[in-house]
Amino acid sequence: MSINDDAQGHWPEGYGRVVLDTVDSTMAEAARRAPMLEGPTWIMARHQTAARGRRGRTWVVPEGNLSATLIFKPEATAPEAARRSFLAANALFAALSLYVDPDKLSLKWPNDVLLRERKVAGILLESSGAGPFVDWLAIGFGVNLTQTPKGVDNPHMEPTCLADGGGEAVKAKEFLTNLADAYATQEDKLAYFGFERIREDWLRNAARLGEVITARTGREEVTGVFDTVDKDGNLVLITGTGPRAIPAADVFF
């Protein structure tokens, strides 16, 4: 294990960094470290043996891609903590834009970044706490930098990687530095301007805004025109029966 390794770029003040050779998952490691946490900390692993994505899906991590989790203790309710997914997406967009034409990137609600309409990065949020505020929040980032994963169990969204999408070569540790800096900027924006500014920035880069999409919840499928994301982070579709606000779903184009 190494802490605060040097890498190109500006590491944000006040954020710790831990780089591990091998771990089961950076999300699991973040949960283990949460009780002893002294400040917001990034955990990166070169190898994961039990990586996971949203809804328990397996996350495939070939050599050279980024696996990292930010663990911290925001003063936030559970819904406020969940809206950090938009900060994470904006930060990923900014970091990826350093290595590929941003016109080729888009943000897919709720937790994906697309490169040429294929998934290049995903976000996973987990939190703990029974009171009015969460005890801690972990934001997991998986970014396909050098290799496109094989055997991914999502036939509706093909994966890609930065290299295959025409991007510049970048090592995981360097990318993490730029991602961490971009995320810290998003937290500053949230503190100064509120979630509305975060929402506006996200919508500016949203995939399929104004087009017909389908949202699949655990109970139903809703098809309609992607109108916006509301102040609570819900997906808003215009359907034949009027607007529908959807708090959680998988989206299909």
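Colleague: Leaving aside its neighbours within four places in sequence, which residues is Asn90 in contact with?

Modeller: In this predicted model, the contacts of Asn90 are counted once its neighbours within four places in sequence have been set aside. On that basis, the residues in contact with Asn90 are Leu107, Gln186, Ile198, Asp201 and Trp202.

Colleague: Does Asn90 count as buried or exposed?

Modeller: Asn90 has its place in helix α3, which covers residues 84–96. Buried means under 20% relative accessible area, and because the relative accessibility of Asn90 is 6%, this residue counts as buried.

Colleague: How many of the 13 residues of α3 are buried?

Modeller: The buried residues of α3 include Arg84, Phe86, Asn90 and Leu96. The helix is largely enclosed by the rest of the structure, because the number of its 13 residues that are buried is 12.

Colleague: How far apart are the end C-alpha atoms of α3?

Modeller: At 1.5 Å a residue, the 13 residues of α3 should span 18 Å. The model agrees with that expectation, since the end C-alpha atoms of α3 are apart by 18 Å.

Colleague: What accessible area do Val212, Val225 and Ile238 have together?

Modeller: Ile238 is found in strand β11, residues 235–239, and at 34% relative accessibility Ile238 counts as partly exposed. With Val212 and Val225, Ile238 forms a nonpolar patch on the surface, whose accessible area together is about 210 Å².

Colleague: How far apart in space are Asn90 and Pro132, C-alpha to C-alpha?

Modeller: In sequence, Asn90 and Pro132 are 42 residues apart. In space, taken C-alpha to C-alpha, the distance between Asn90 and Pro132 is 27 Å.

Terms used. Residues are numbered from 1 along each chain as its sequence is written. This is a predicted model: local features need pLDDT of at least 70, side-chain atom pairs count only at pLDDT 80 or more; totals for chains, interfaces and linings use all residues. Side-chain values use heavy atoms; hydrogens and water are left out. Helices (H or I, at least four residues) and strands (E, at least two) are DSSP runs, numbered from the N terminus. Buried means under 20% relative accessible area, exposed over 50%, partly exposed in between (1.4 Å probe, protein chains only). Contact means heavy atoms within 4.5 Å. Patches are made of residues with over 30% relative accessible area and no salt bridge: like charges are joined within 9 Å, nonpolar side chains (Val, Leu, Ile, Met, Phe, Trp, Tyr) within 5 Å. Accessible areas come from the Shrake-Rupley method with a 1.4 Å probe; for residues, only the protein chains shown count as cover. A salt bridge is a side-chain nitrogen of Lys or Arg within 4 Å of a carboxyl oxygen of Asp or Glu. The expected span of a helix is 1.5 Å times one less than its number of residues.
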